[in-house]
Amino acid sequence: MVEGLSVLSIDNEAKEELEPRAGPLPKEDPEYHPYHHPAAGWGAAKSVTQFLVRERELVDGPRAIMKMNHENTGFDCPGCAWPDDTKGLKLDICENGIKHVTWEMTRKRVEPDFFAAHTVTELFEWSDFKLEDQGRLTEPMVYDPDTDRYVPISWKDAFELVGSTLRGLENPNQASFYTSGRLGNEATFLYQLMARELGTNNLPDCSNMCHEASGRAMQASLGTGKGTVDLKDWESADALFIMGVNAASNAPRMLTALAEAYHRGAQIVHINPLVEAAATRTIVPHDFMDMALFKTTKTSTLNLQPRIGGDLALLRGMAKAVLEEAKLDPKALDQEFIDRHTTGFDAYRELCENTSWEELERQSGVSRDDILKAARVYCDADRSIVSWCLGVTQHEHGVDTVREIINLLLLRGNLGREGAGPSPVRGHSNVQGNRTCGIDHRPDDAFLDRLAEYCKIDPPRDHGLDTVGTIQAMRRGDVKVFVGMGGNFALAAPDSPITYEALRNCDLTVQVSTKLNRSHLVHGRQALILPCLGRTEKDHQRKGIQSTSVEDSMSMVHMSVGMKRPASPHLLSEPAIVAGMARAALPASDTPWEWYIEDYDRIRDTMSQALDGFEDFNRRVRLPLGFRLKQPARELVFLTPSGGAEFSDAVLPDVVPAPGTLALGTMRSHDQWNTTIYSDNDRYRGIKNLRELVFMNKDDMRERGIDEFDPVDITSTARDGSHRHLNGYLAIPYDIPRGCAAGYMPEMNVLCALVDYSTQSDQPIMKHVKVTIEAAA
């Protein structure tokens, strides 16, 4: 810990420690210099070069760059889920993707002698950066409570430990099977098949913490849980509205689409409490002439800064403006589309008309004039796309806000035609494919019927547990086995001390991972670390080198083939690990687990029967760029109860903070991918050598007697009245609306109470935490 910084747990319950700080200890004093440079460009090139040098990957790093995101001949970037370029671009890459791949390809190894030298208690005190920086895991390990160390275990014995523990449960719902989103489609399908053959739908995933609100909202409005647009639509839209996303860090390849849109004259409106680097200008690195001439391209034509949680009011204000414009010019509405394809319009129009501009301004934090500017852009555009990320979804009213996006699109018929529609930005490679291929704690009957018919199992029909439900059940002792496929559940989940307590209450925790992380040190009474191949590595099976498939955030499914020798001869692929656990847990199963692993085409053949839209899977996935899953709503077929796209009429929530309180949102730094921290720097926000900070409006700071870099104490208040604290964080003045604050996850996850989850989506509320901030005592 940096001297003077401390972390406190919940003050109404006796808890143990929280996680140590997530980044490396700063070697220099913290610095803050507001960032005024373009996104990407030479700054990204310099950062990548420094990273390759630091990781000693000056040969394999560039080689991997040339193989990443190529048409079925290379591996899919294990970072974000932005679609691959459709025009044959040879360097369809970004800074974060290169860092993510290089981090995976490190030459460092965590072998048994490492664990012999360090107890779990000792390792728990290490920073999360230091843990992952030890390198790749090399062979399976089991926790030995007598020595407080992990010790080697054979794969056979590891699988038997999993199998015997699962077989010994009183009922299958005492196990929960989590996936982080990086799992390939084939492993995903086997994973959910194992869980359902065991008899449970306890299949929590990272979507439960990220885009659950998007899926539920679009399902209710359109009859589909996915966006309807593809990359070609982005290339032909007249207007792009980008909401609640820091594209330069979370989906950097979007910068190419934004630059191209600006060059062709499209309007680009960014809506976010913080004006991020991606909302200003960029130099796209593969535009070599622009790089050589330092030529920048604007990535926005309008920036609006709503208060945290104010997006719904802003959207409704835009809709109100469209309806008012239609009284003067009926063409402002696509009345034919509304009459033919939608229901609920009259009630929605009345709702908008009865909502005053004063209330819309107060709740959104945006002036009427600025809302009208955005509405003018929308009315003038023939084809509009609205894209959003977690800044919209991680709220109590996230479902209502996404439905309001759909309402706005329906008013002008921006659906089912080129260049128009909703476009959620998924943050992790194949998180959407995981849900498509069965990782869903609330499966519908049609999916389960096909699974029963073609896989010859009797799947359970009751809903299972999601992420919040799993933590609650582990804490109560109702879930005794937790299996995590990838990710860092202990660090990613909300309410760190509660999550830690829950995991430690399990009989067995199993983590399938590539690197050492916090979740290996916050474990059950028995614990396994099962190391797997990375996305970049060759997967050798009996029938030769195998490929896996992934789905991007725009429903394109394509192949991924590793290029590098595995980090250890003891590693198994994720499908092989799932099959090994399944055979041990289900010794009498008729599912041909071993046969599937010999040749992944066999898995895909079964998937082509069991999954709607995957027909002729093996042939179509090998086409250039793969294939796009069908989207009924894209064809104006709405699988809703009414048979049409449904307007919603949600009540406008009150999101104005009470006097003395602030609304705090958690977010990533730039030099970070999910819970993996590459450094303590955040280039695009001007931060060096610091993560324990809080960004504040300068007037809010002045009102509290706080100056730049002053230490502050942050207290959150949960809906049950309990409090959580972070002490000694440093205040940074930032361009953010009054009444709002922001800081980095996972450090600030402690402030996000487990009881504070959305009643609409069951997502933890991580973007709208009620806090007080005071100068440190």
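**Note on contacts, packing and strand pairing**

1. Glu325, with a relative accessibility of 22%, counts as partly exposed; the class lies between buried (under 20% relative accessible area) and exposed (over 50%), for a 1.4 Å probe and protein chains only. The model is predicted, so local features need pLDDT of at least 70 and side-chain atom pairs count only at pLDDT 80 or more, while totals for chains, interfaces and linings use all residues. Residues are numbered from 1 along each chain as its sequence is written, and side-chain values use heavy atoms, with hydrogens and water left out.

2. Glu325 forms a salt bridge with Arg376, at 3.6 Å from N to O. Since Arg376 belongs to helix H18 (residues 368–380) and Glu325 to helix H14 (residues 311–328), the pair ties together parts that are 51 residues apart in sequence. Arg376 is likewise partly exposed, at 36% relative accessibility. Helices (H or I, at least four residues) and strands (E, at least two) are DSSP runs numbered from the N terminus.

3. The structure holds 49 salt bridges, each being a side-chain nitrogen of Lys or Arg within 4 Å of a carboxyl oxygen of Asp or Glu. One of them joins Asp205 to Arg435, with the closest N and O atoms 3.0 Å apart. This pair links distant parts of the chain, 230 residues apart: Asp205 lies in the loop between helix H8 (185–198) and H9, and Arg435 in helix H21. Asp205 is buried at 1% relative accessibility, whereas Arg435 is partly exposed at 24%. Salt bridges also link Asp205, Glu212, Arg216, Arg435 and Asp762 in a network.

4. Another salt bridge connects Arg525 and Asp507, at 2.8 Å from N to O. Its partners lie in distant parts of the chain, 18 residues apart: Arg525 in the loop between strand S18 (508–513) and strand S19 (526–531), Asp507 in the loop between helix H25 (496–504) and S18. Arg525 is partly exposed, with a relative accessible area of 47%, and Asp507 is partly exposed at 28% relative accessibility.

5. Helix H9 (residues 212–222) is mostly covered, with 9 of its 11 residues buried. Gly223 follows H9 and has a positive phi, near 80°.

6. With a disulfide taken as a pair of cysteine sulfur atoms within 2.5 Å, the count is 0 disulfides. For Cys210, the closest cysteine sulfur is that of Cys206, at 5.5 Å, which is too far for a bond. Cys210 is partly exposed, with a relative accessible area of 24%; Cys532, at 2% relative accessibility, is buried.

7. Rings of Phe, Tyr and Trp (its six-membered ring) pair if their centres lie within 6.5 Å, and planes under 30 degrees apart count as stacked, over 60 as edge-to-face and the rest as tilted. The count comes to 24 aromatic pairs. Trp103 and Phe129 form a tilted pair, because their ring centres are 6.0 Å apart and their planes are at 40°. This pair links distant parts of the chain, 26 residues apart: Trp103 is in helix H3 (residues 95–104) and Phe129 in helix H6 (residues 128–132). Trp103 is buried at 5% relative accessibility, and Phe129 is buried with a relative accessible area of 11%.

8. Phe114 and Trp126 have ring centres 5.9 Å apart and planes at 80°, so the pair is edge-to-face. Both Phe114 and Trp126 are buried. Ring pairs join Phe114, Phe115, Trp126, Tyr143 and Tyr150 into a cluster. The charged end of Lys130 sits over the ring of Trp126, 4.1 Å from its centre; the criterion is NZ of Lys or CZ of Arg within 6 Å of the ring centre and within 35 degrees of the ring normal.

9. Strand S32 (residues 723–733) is largely enclosed by the rest of the structure, because 9 of its 11 residues are buried. S32 runs parallel to strand S30 (residues 693–696), to which 4 bridges join it, and Phe695 has Ile732 of S32 as its bridge partner. Strand S31 (residues 711–717) pairs with S32 in the antiparallel sense over 7 bridges; pairing requires that DSSP finds at least two bridges between two strands. Thr715 stands opposite His725 in S32. The hairpin of S31 and S32 has 5 residues between the strands, and Gly721 in this hairpin takes a positive phi near 90°.
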